[in-house]
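Open your viewer and get ready to select residues one by one. Each stop says what to pick and what is there.

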Amino acid sequence: SFLSSVKTEARQSMAHILGIVSTSSLSNNPSRIESLHNLLRSLEGTLSKSSSQLKPLNTKSVELIDGSTLALGYILGRLLYRHPSDFEAYVPNDLLKSCVTVILDRLNSNHQTVIRGACVSIAEIGRYSNLLSKLLQNEAKIIENDSVDYIISWTIPALLKKLQTLAENNKDVRLQEAAIFALGHIAIGNFMRTKSDEFSIAERVIEYFFTLPEKLNKQVEVHFSIGEAICGVIGRWEASCVAEYLDIADVPIPSLSEISSKVDLDVEKVLDRCFDFISSSKPAGRKGICVWLLCLVKYLGNSTIIKNSLPKVHTAFSSLLVDRDDFTQEVASKGIGLVYELGDKSMKEELVRSLVSTFTEGKKLAPQSITAETTLFDSNTLGNTPEGTNITTYQSILSLAADLNQPDLVYRFMNIASHHAIWNSRRGASFGLHSIVALSRDQLLPFLPQLIPRLFRFQYDPNPKVAESMKNIWRALITEDTISISTSGSDTTSSGLSQAPSSGARKIIDDYFDAIIKDLLNAMSDLLDDIKESVRNAAFLACKTLTNITVRYCDPTVVSEKEGQKIVNIILPFFM
């Protein structure tokens with residue numbers, strides 16, 4: 001009954017459980033083997049009854065077909081996982097072939113739920129062995145039916161083509177991701193090249209993926225799926241995104257001894273292609289490649305090749321910080337943060353020098369020389385590269401770190417200075433960036449007394465991206481605003497408010513009026529003559545607020561005579 005549940009998660013969970021349980025204890029157990037055969041035939045029969053795939057299906061039929069398809073995929077997948085070399089001893093070849101065929105036929109369905117279920121099942125079967133390439137040997141025959149290609153006889157080329165079409169041409173993002181997931185996991189189980197093939201299935205899949213950055217440049221989340229699939233293909237069970245499918249405790253991890261050197265070689269080849277793509281491709285293509293690099297660092301960060309390539313990866317991410325696309329800049333900043341976390345002490349120091357050099361347009365700055373007065377750009381290029389690309393957000397973050405004389409903290413800031421909604425989505429959250437934010441907060445806490453004034457100021461920066469980034473950093477670091485501000489109140493008034501945009505200064509006037517009135521009067525009078533109209537307008541509003549508060553603090557009906565006289569003694573010299 002769970003296989004026909006209205007909830008997709010329930011159907012998939014039950015299919016998963018059924019796959020693990022039904023394939024256990026088969027050795028020297030004829031009754032268990034017979035039960036497995038009966039279960040496979042029952043599920044295969046359910047799918048065979050719905051052979052007219054071009055006809056519309058009702059809701060109940062869709063759920064039952066999807067559940068049965070998932071169950072077949074998980075059962076065959078876990079059978080191959082438990083018995084990779086002798087699975088035919090437990091299930092005859094003709095039953096295996098009929099089960100695989102009915103699953104593949106679901107790809108011809110006109111219902112997207114059924115197609116997604118078929119993609120998941122194909123991935124389960126393809127991941128653990130090369131069974132698909134053994135069974136699919138006939139030429140593909142295709143019948144045109146409106147816009148649907150109905151494949152009667154399946155081969156590996158026909159299957160790959162069908163999945164590629166679903167990945168490229170479908171408007172349902174979940175179906176696109178399922179097709180990419182299937183392609184990647186088929187490649188995991190068919191990694192090696194046979195004598196008759198010029199290219200292995202894995203090589204063909206990787207080659208196809210490299211055609212997608214420009215084709216799917218507007219579908220950001222799909223590139224996370226592609227990046228994850230690439231990590232699975234080239235890293236196999238060493239990739240953390242694939243290791244989760246080793247879900248049976250008493251079954252050993254599939255051996256990598258025969259292809260370990262091949263895996264390293266392909267990781268290096270894919271990295272090199274990514275670097276070449278970034279330096280030569282159009283901006284639309286760089287967005288996808290940047291996401292892939294982030295996936296490679298996240299899921300294959302423990303790989304020797306990745307660790308040895310961290311400087312190159314860092315350089316690639318740094319070059320993308322000045323990309324015209326905002327999202328590409330954000331992905332690059334996340335990638336730089338992950339690279340920094342993976343590096344050892346010497347690596348981190350080198351990465352800091354490299355990043356500082358990037359931001360200062362080639363100027364080499366030693367960490368000790370960076371202060372609040374350090375000029376990072378000439379006045380005529382502030383916030384822009386010579387090519388005109390906006391990097392104000394990251395320049396401002398660098399400025400914060402420079403004020404603390406801690407340039408390595410740039411990497412911490414980059415982890416939490418994000419304003420794009422994708423990082424709250426299911427794909428963005430999967431990278432565990434929230435844990436990095438927590439780590440960053442702990443390491444930044446000792447610097448809060450110095451950090452708060454500058455951070456407060458930048459929250460009101462005229463550039464909305466800078467302001468939003470600084471607000472995100474503030475929210476991540478300052479959990480008890482009033483306590484933190486009161487702890488560093490004197491620093492806030494002396495170094496922050498005198499420089500801050502006046503709209504921000506207005507917010508804490510009330511709390512520290514007697515301590516800051518003199519500084520505020522001087523700062524606001526200067527800002528009334530500022531070159532920027534927006535600053536002059538903000539200063540005028542702040543002066544109005546300051547006037548009203550001053551009058552109130554001098555009113556004997558509001559404050560004591562002693563407090564009022566104190567304020568008068570402060571403001572009279574200023575006006576005179």
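Select lysine 215. Its relative accessibility is 48%, so lysine 215 counts as partly exposed. Keep in mind that this is a predicted model. Lysine 215 belongs to helix H10 (residues 212-215) and glutamate 168 to helix H7, so the bridge ties together parts that are 47 residues apart in sequence. Glutamate 168 is partly exposed too, with a relative accessible area of 27%.

How many salt bridges does the structure hold? There are 9.

Pick aspartate 325 and lysine 287 next. Their side chains form a salt bridge, again given from N to O, at 3.5 Å. Aspartate 325 sits in the loop between helix H16 (310-320) and helix H17 (326-342). Lysine 287 is in helix H14 (residues 283-299). The pair therefore ties together parts that are 38 residues apart in sequence. Lysine 287 has 14% relative accessibility, so it counts as buried. The cut-off for buried is under 20%.

Now select Arg78, Glu124, Arg127 and Asp247 together. Salt bridges that share partners join these residues into one network.

**Arginine 116**

Move to arginine 116, in helix H5. Its relative accessible area is 14%, so arginine 116 is buried. Which residues does arginine 116 touch, leaving out those up to four places away in sequence? They are Asp172, Arg174, Leu175 and Ala178.

Start with aspartate 172. Its side chain meets that of arginine 116 in a salt bridge of 3.1 Å, N to O. Aspartate 172 lies in the loop between helix H7 (156-169) and helix H8 (173-189), while arginine 116 is in helix H5, so the pair ties together parts that are 56 residues apart in sequence. Both arginine 116 and aspartate 172 are buried.

In sequence, arginine 116 and arginine 174 are 58 residues apart. In space, their C-alpha atoms are 7.8 Å apart.

**Aromatic rings**

Show the ring side chains. A search of the whole structure finds 6 aromatic pairs. A pair of aromatic rings is described by the distance of the centres and the angle of the planes.

Select tyrosine 81 and tyrosine 128. The ring centres are 4.9 Å apart and the planes are at 10°, so this pair is stacked. Tyrosine 81 is part of helix H3 (residues 59-82), and tyrosine 128 is part of helix H5 (residues 112-128). The pair therefore ties together parts that are 47 residues apart in sequence. Tyrosine 81 has 5% relative accessibility, so it counts as buried. Tyrosine 128, at 9%, counts as buried as well.

Where is tryptophan 237? Look in the loop between helix H11 (220-235) and helix H12 (240-243). Tyrosine 128 is in helix H5, so this pair ties together parts that are 109 residues apart in sequence. Tryptophan 237 counts as buried, at 6% relative accessibility. Show the three residues at once: ring pairs link Tyr81, Tyr128 and Trp237 into a cluster.

**Charges over rings**

Go to arginine 127 and tyrosine 245. The charged end of arginine 127 sits over the tyrosine 245 ring, 3.9 Å from the ring centre. Then try arginine 273 and phenylalanine 210. Arginine 273 lies over the face of phenylalanine 210, 4.1 Å from the ring centre.

**The nonpolar cores**

Select Leu107, Leu159, Leu163, Phe209, Leu296 and Phe317. These residues have the most contacts inside the largest nonpolar core, which has 121 residues. Which helix gives the most to this core? H3 does, with 11 residues.

Zoom in on leucine 107. Leave aside its neighbours within four places in sequence.

For the last stop, select Leu527, Ala539, Leu546 and Ile567. They are among the members of a second, separate core of 14 residues.

How values were computed
Residues numbered from 1 in each chain as written. Predicted model: local features only at pLDDT ≥ 70, side-chain atom pairs only at ≥ 80, totals over all residues. Heavy atoms only, no water. Phe/Tyr/Trp six-rings, centres within 6.5 Å; stacked < 30°, edge-to-face > 60°. Helix = DSSP H or I, 4+ residues; strand = E, 2+ residues; numbered from the N terminus. Buried < 20%, exposed > 50% of the residue type's maximum accessible area, 1.4 Å probe, protein only. Lys NZ or Arg CZ within 6 Å of the ring centre and 35° of its normal. Core = buried A, V, L, I, M, F, W, Y, C linked by side-chain atoms within 4.5 Å. Contact = heavy atoms within 4.5 Å. Salt bridge = Lys/Arg side-chain N within 4 Å of Asp/Glu carboxyl O.
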